[in-house]
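Please keep the sequence and the structure in view while reading.

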Amino acid sequence: MSSESSKKRKPKVIRSDGAPAEGKRNRSDTEQEGKYYSEEAEVDLRDPGRDYELYKYTCQELQRLMAEIQDLKSRGGKDVAIEIEERRIQSCVHFMTLKKLNRLAHIRLKKGRDQTHEAKQKVDAYHLQLQNLLYEVMHLQKEITKCLEFKSKHEEIDLVSLEEFYKEAPPDISKAEVTMGDPHQQTLARLDWELEQRKRLAEKYRECLSNKEKILKEIEVKKEYLSSLQPRLNSIMQASLPVQEYLFMPFDQAHKQYETARHLPPPLYVLFVQATAYGQACDKTLSVSIEGSVDEAKALFKPPDDSQGNVVKRRRPTLGVQLDDKRKEMLKRHPLSVMLDLKCKDDSVLHLTFYYLMNLNIMTVKAKVTTATELITPISAGDLLSPDSVLSCLYPGDHGKKTPNPANQYQFDKVGILTLSDYVLELGHPYLWVQKLGGLHFPKEQPQQTVIADHSLSASHMETTMKLLKTRVQSRLALHKQFASLEHGIVPVTSDCQYLFPAKVVSRLVKWVTIAHEDYMELHFTKDIVDAGLAGDTNLYYMALIERGTAKLQAAVVLNPGYSSIPPVFQLCLNWKGEKTNSNDDNIRAMEGEVNVCYKELCGPWPSHQLLTNQLQRLCVLLDVYLETESHDDSVEGPKEFPQEKMCLRLFRGPSRMKPFKYNHPQGFFSHR
């Protein structure tokens, strides 16, 4: 116990060798304060190698003492306790030595870390200074580059040459004795001379402007004098116009037109004469005029110059250029053209411009339709008034994409032209009726090299063609207005055609779009029309969708260019309780027959422009009848999806259970045909 108490009273700081014993220490003695030492200072004085050797020695002694204590405890005896206590005291001393060595190791580690941190801070400071210096160097290099690349404004000025400068500049500016050896002074002198020249030019410019103003004033005075003469001349001309109109003799206009008509080629001349005669006799709204350059037309009949032989000698083009020139020459049009303006009842005008291809000996036409009010073009009506298709198939089969002159094919082979259809957008369409209006007739059996324009041929086709043209424009304009309503899901029915349908029609049109010819050919329910040859590439194709409840009726429409004299053709496909077409449902075939075969009932008043919309309205009625007369499944609970609202004398007939699709007016019931 005495040893344990003495161990507890042992101080934590080890005294130096001259320190007094622990039991003799006086705490009030302040002189003892100076006798304590610092381990941090001792670290600098001690050798780490010796401390390491001391550490190993201490550990070995501890191992030896522990082994001896273990051995003594195992033997037992009276004197063993004293020996064990001695060895325990020695072990404690060694433990104190290990603790001191541990503290010294930690102090060395802390000092090493502090020294490393100080060295790192110095390195970071040096690195920051280096970065600052590098940035300053880079900044100075940029400034040097800017200075080297600096371009003065005088470099953009186009100065006179040195020879001209020393020749024209006065000595007080050129200063040859100074500027010849100093490029900087030379440049300054040249700039001074440029400034002097520009001052002189500016003064000259102001003088020219003043002269220009004087001349303009003189011109204005003369213009006023001439403009005062114009009203007098106009009044004289206007005074004679009532006399000409009263006597129906527009001498001035007619004289100018006939003077110009003398230079027309024979086919255009025949067209001009016959159209003018038809307009005077039958259609006062038909306007005929001649457009083009009369001087160029006159030049065609001038004899060739003597210099033409020289031109042939110096032309040595390549083969490709020769073919291009030959094609252009082959497709060359006459400088003059005849323009017909055909006015319809709704003030819409069909502008027809007729051209004559001199080397091909055929006529072409370009068409344009203008209306009194601007039309909002629906998406599906894009091709109705298109110049490329508005006159297509005016007569059956006349699409205007092939040349009517059989001799042209041999001419095309010589210059490498495959077909005329590649050039119709630029040249116009060579319809057959255009050739006949010009008095041209091309027999297919024996192609002739020269075809003479015949007045009688033109006269025999003039009236019929003009009526067809008016009918075509009116029908296309009517379709144009109808399509605008159809795209919004409205089927326009005029008051004259209301009696053709019952008062209440539940099915409605929800979609009306145009489709391509290829898309129509790929539809599975239009195979009959395609096989019958009724789906030509000159027709227009549309898709209508009629809905009522869960039933959807698709209608693929083929619109012939000759509408409305040629009715549209409908092919149907009903999606309700499966897909139903004319191949698997006789009633669908009957619905197609109602709109395709019995179309005359839906024509309405002449000229039957309401046929398409009446057919679509009839389809809505037929869908109502089809759905309302369908037998109800008693196993299904709830009300009937399509309650019967149409009055039918008989719901079904025959083994095929045909439904009553014929509407009887004014009784208002449906019956079988």
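Helices are DSSP runs of H or I with at least four residues, numbered from the N terminus. The model described here is predicted. Its secondary structure comes to 21 helices and 12 strands.

**Overall features**

- Of the 673 residues of the protein, 35% count as buried.
- The accessible surface comes to about 42900 Å², and carbon and sulfur atoms account for 55% of this area.
- Among contacts between residues at least 6 apart in sequence, 65% join residues at least 24 apart.

- Glutamate 68 and arginine 64 form a salt bridge, in which the closest N and O atoms are 2.8 Å apart.
- Because these two residues lie four residues apart in helix α3 (residues 48-75), about one helical turn separates them.
- Glutamate 68 is partly exposed at 24% relative accessibility, and arginine 64 is also partly exposed, at 35%.

**Other salt bridges**

- The structure holds 31 salt bridges.
- Aspartate 51 forms one of them with arginine 46, with 2.7 Å between the closest N and O atoms.
- Aspartate 51 is buried, with a relative accessible area of 7%, whereas arginine 46 is partly exposed, with 23%.
- Both residues belong to a network of salt bridges that links Glu42, Arg46, Asp51, Lys100 and Arg108.
- Glutamate 628 and lysine 646 meet through their side chains in a further salt bridge, at 3.4 Å from N to O.
- This pair links distant parts of the chain, 18 residues apart: glutamate 628 is in helix α21 (residues 611-628), and lysine 646 is in the loop between α21 and β10 (647-648).
- Glutamate 628 has a relative accessible area of 1% and is therefore buried, since buried means under 20%.
- Lysine 646 is likewise buried, with a relative accessible area of 7%.

- Strand β3 (residues 349-357) pairs with strand β4 (residues 362-370) in the antiparallel sense, over nine bridges.
- Leucine 350 has valine 369 in β4 as its bridge partner.
- Four residues lie between the strands of this hairpin, where asparagine 361 takes a positive phi near 60 degrees.

**A nonpolar surface patch**

- Leu140, Ile144 and Leu148 form a nonpolar patch on the surface, and their accessible area together is about 350 Å².
- Leucine 140 is found in helix α4 (residues 80-149).
- With a relative accessible area of 52%, leucine 140 counts as exposed, because that term applies over 50%.

Notes
Residues numbered from 1 in each chain as written. Predicted model: local features only at pLDDT ≥ 70, side-chain atom pairs only at ≥ 80, totals over all residues. Heavy atoms only, no water. Buried < 20%, exposed > 50% of the residue type's maximum accessible area, 1.4 Å probe, protein only. Contact = heavy atoms within 4.5 Å. Areas by Shrake-Rupley, 256 points an atom, 1.4 Å probe, with all protein chains shown as cover. Pairing = 2+ DSSP bridges. Patch = residues over 30% accessible without salt bridge, like charges linked within 9 Å, V, L, I, M, F, W, Y side chains within 5 Å. Salt bridge = Lys/Arg side-chain N within 4 Å of Asp/Glu carboxyl O.
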